[in-house]
Amino acid sequence: MGDLLITGALVMSGPEWRPTPLDLLIRDGRIAATAAPGSLGGRGVATWEADGRLILPGLVNAHTHSHAMVARGAARYWTLEASLLHGGWMSAPRSAELAELSAVLAATEMIATGATGAFDLSAQAGGPDVATLVATARGYQRVGLRTVIAPMVADRTVYEAVPAIGECCGVPAATGLGAAEIVDRCAEFAAAVADPAAGLGLITPAVAPTIPTHCTTGLVRSLHGLGLRMQVHLAESRPQARAGRERFGHSLTAELARTGVLDERFTGAHAIWLDDEDRALLAQAGAVVVAVPGSNLRLGSGLADTPSAWAAGLQVAVGTDGANSADALDVLDAARLTLLLPRLMEADPARWPRIEQVLDAATTGGAAACGWSDVGRIEPGHAADLIALDLASSAFTPAHDLPHQVLSAARAGDVTDVMIAGRHVYRDRRFPHLDVASLRRRFTELVSEWGVGAEPARQTAEKDVAAARDVITRLRSGTETRSVTDT
């Protein structure tokens, strides 16, 4: 890969986030130099003349699910608990082609909203399927999105994890893998990604024991023992948080600390129903929490107290969730909601999230969630993961405060270019190496075929949601009073 000189743009990066005219020299997929306009020129150097563009570090979607692309628009009024009951058909077995196309279309959607990286928690009914996971990795690599992929696993069902739901619906006979085989398959997937012959250089493996109450302690500890990053859905809803206290006798966060998996490799997604002690434990461990505001709104799960997370010294990232609960994988919109929603909880504007905090969360925060130390800033030595926004768009007319306007006014349509590892994957609002329209048509065909096989599981889920509706409502409102003992 030869050198590339980017000229003519305003450049903005943390921690100051001050728009500055700069030229950038890209070499071997990294930022080699930044300097005043006109000072890096040289004969024979390819040039991208980015006049009228605002260049930022790429955003990182720190929490999503490509396997749920098949379920976009499937339900209007799901709560998290209803979504969990529908998890069986959403993660039903599928062809490698469908898994790969799901990742391809998730990647193109995220890139077009300003993302250069993502953390994908991918579920397969019955347990992790290595072939499907590798196909998912191929899809992301094909588009060129830097991605962490974690098999999303459990060895207990929602019926067991929330006994009040099991009492309504009955507890199905176990059909999934045991903890030991789950761990073995996660290790096999990690080895497949690491094999140089696979050509998956933009992909990093991780693990995702989905929810602490859905996993035995042995499973969580064994997954942690693989030495990979771990992401967990943490206290996403009131019923989830309460089920943790009833099962463990203390909070989900305290249980993770007791289990020995809270460390700098740990990421907790959603993190809504936490208290100050939980946040202190996470901060002391060097963990990251992901704000997922769009999904939290969509499922009615609650508002995450990100100001308290920052006050506790926690690193915060931003995510969209999957297409079943986020609908759109719009990372720029997720950052905007991360900025605005905490204002509903705080009357004093001096305590609202700062623009710079949220821009950091959407860039270096997401990079930290993914374990990337050289992503999220525009400075020499960092990966050339960059996005360009159109300064002539309505979002920046007039241009009073560009950092603010990126979050408050800019939309996905204002993203003109995306570069990942020094390569243009999105240029002039197009994917130069992909026929996205044809890929969408093929994806639609495959989803229609796949849906026939998944329909029985979907019908069972609908019946269970109906049977559990009243108890779920009581659990969500905090009025369910039955005591649960489950060790």
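Trainee: Why is Glu246 called partly exposed?

Mentor: This is a predicted model, and in it Glu246 has a relative accessibility of 24%. Buried means under 20% and exposed means over 50%, so at 24% Glu246 falls in between and counts as partly exposed.

Trainee: Where is Glu246 found?

Mentor: In helix H9, residues 238–248. Its C-alpha is 9.9 Å from that of Thr213, a residue 33 places away along the chain.

Trainee: What is the phi of Asp327?

Mentor: About 65 degrees, a positive value although Asp327 is not a glycine. Asp327 sits in the loop between strand E13 (315–318) and H14.

Trainee: His270 has a phi near 75 degrees, also positive and also in a residue other than glycine. Why is His270 called buried?

Mentor: Its relative accessibility is 1%. The cut-off for buried is under 20%, so His270 counts as buried. His270 lies in strand E11, residues 266–270.

Trainee: Let's do helix H7. How do you know that its buried residues are on the same side?

Mentor: The buried ones are Ile182, Val183, Cys186, Phe189, Ala190 and Val193. They cover an arc of only 120 degrees around the axis, which puts them on the same side of H7. There's a general rule behind that: an α-helix has 3.6 residues a turn, so residues three or four places apart point the same way.

Trainee: Which residues are exposed on the other side of H7?

Mentor: Ala180 and Asp184. As for the buried residues, what covers them includes helix H4 (130–143), E8, strand E9 (203–209) and helix H8 (217–224).

Trainee: What span does H7 have, against what is expected?

Mentor: H7 covers residues 179–194, 16 residues in total, and reaches 23 Å from its first C-alpha to its last. At 1.5 Å a residue, 22 Å is expected, and the span is close to that.

Trainee: On to the open spaces. What volume does the largest pocket have?

Mentor: About 1200 Å³. It is lined by 49 residues, and the closest to its centre are Leu84, Gly87, Gly88, Ser91 and Thr157. Elements giving two or more residues to that lining include helix H1 (80–85), strand E8 (146–153) and helix H17 (436–477). By class, the lining has 23 nonpolar, 20 polar and six charged residues.

Trainee: And the second largest pocket, which element gives the most to its lining?

Mentor: H17, with five residues. That pocket has a volume of about 200 Å³. Its lining includes Trp78, Val465, Arg469, Ile472 and Arg476, and it divides into six nonpolar, two polar and three charged residues.

Trainee: What makes something a cavity instead of a pocket?

Mentor: In a cavity a 1.4 Å probe fits but cannot get out, whereas a pocket is open. The structure holds five cavities of 30 Å³ or more.

Trainee: How many charged residues are in the lining of the largest cavity?

Mentor: None: the lining has eight nonpolar, four polar and no charged residues. About 100 Å³ of space lies in that cavity. Helix H12 (293–298) and helix H14 (331–340) each supply at least two residues of its lining.

Trainee: What about the second largest cavity, which residues line it?

Mentor: His270 is one of them, and Arg279, Asp305 and Leu314 are among the others. The cavity has a volume of about 70 Å³. E12 gives the largest share of the lining, three residues. The lining divides into eight nonpolar, two polar and two charged residues.

Trainee: Last one. How do you know that the bond from Gly14 to Pro15 is cis?

Mentor: Its omega is near 0 degrees. Pro15 has its place in the loop between strand E1 (4–11) and strand E2 (20–27). Thr397 and Pro398 are also joined by a cis peptide bond, with omega about 0 degrees, and Pro398 is in the loop between strand E14 (386–390) and helix H16 (402–408).

Technical notes: Residues are numbered from 1 along each chain as its sequence is written. This is a predicted model: local features need pLDDT of at least 70, side-chain atom pairs count only at pLDDT 80 or more; totals for chains, interfaces and linings use all residues. Side-chain values use heavy atoms; hydrogens and water are left out. On a 1 Å grid over the protein atoms alone, a cavity is a set of points where a 1.4 Å probe fits but cannot get out, and a pocket is an open set with protein on both sides within 12 Å along at least five of seven lines; lining residues have an atom within 4 Å of a point. Grid points are joined across faces, edges and corners, and a volume is the space filled by probe spheres set on the points. Helices (H or I, at least four residues) and strands (E, at least two) are DSSP runs, numbered from the N terminus. Ala, Val, Leu, Ile, Met, Phe, Trp, Tyr, Cys and Pro count as nonpolar, Asp, Glu, Lys and Arg as charged, and the others, Gly among them, as polar. The expected span of a helix is 1.5 Å times one less than its number of residues. Buried means under 20% relative accessible area, exposed over 50%, partly exposed in between (1.4 Å probe, protein chains only). The arc is that of the directions from the helix axis to the C-beta atoms. Contact means heavy atoms within 4.5 Å.
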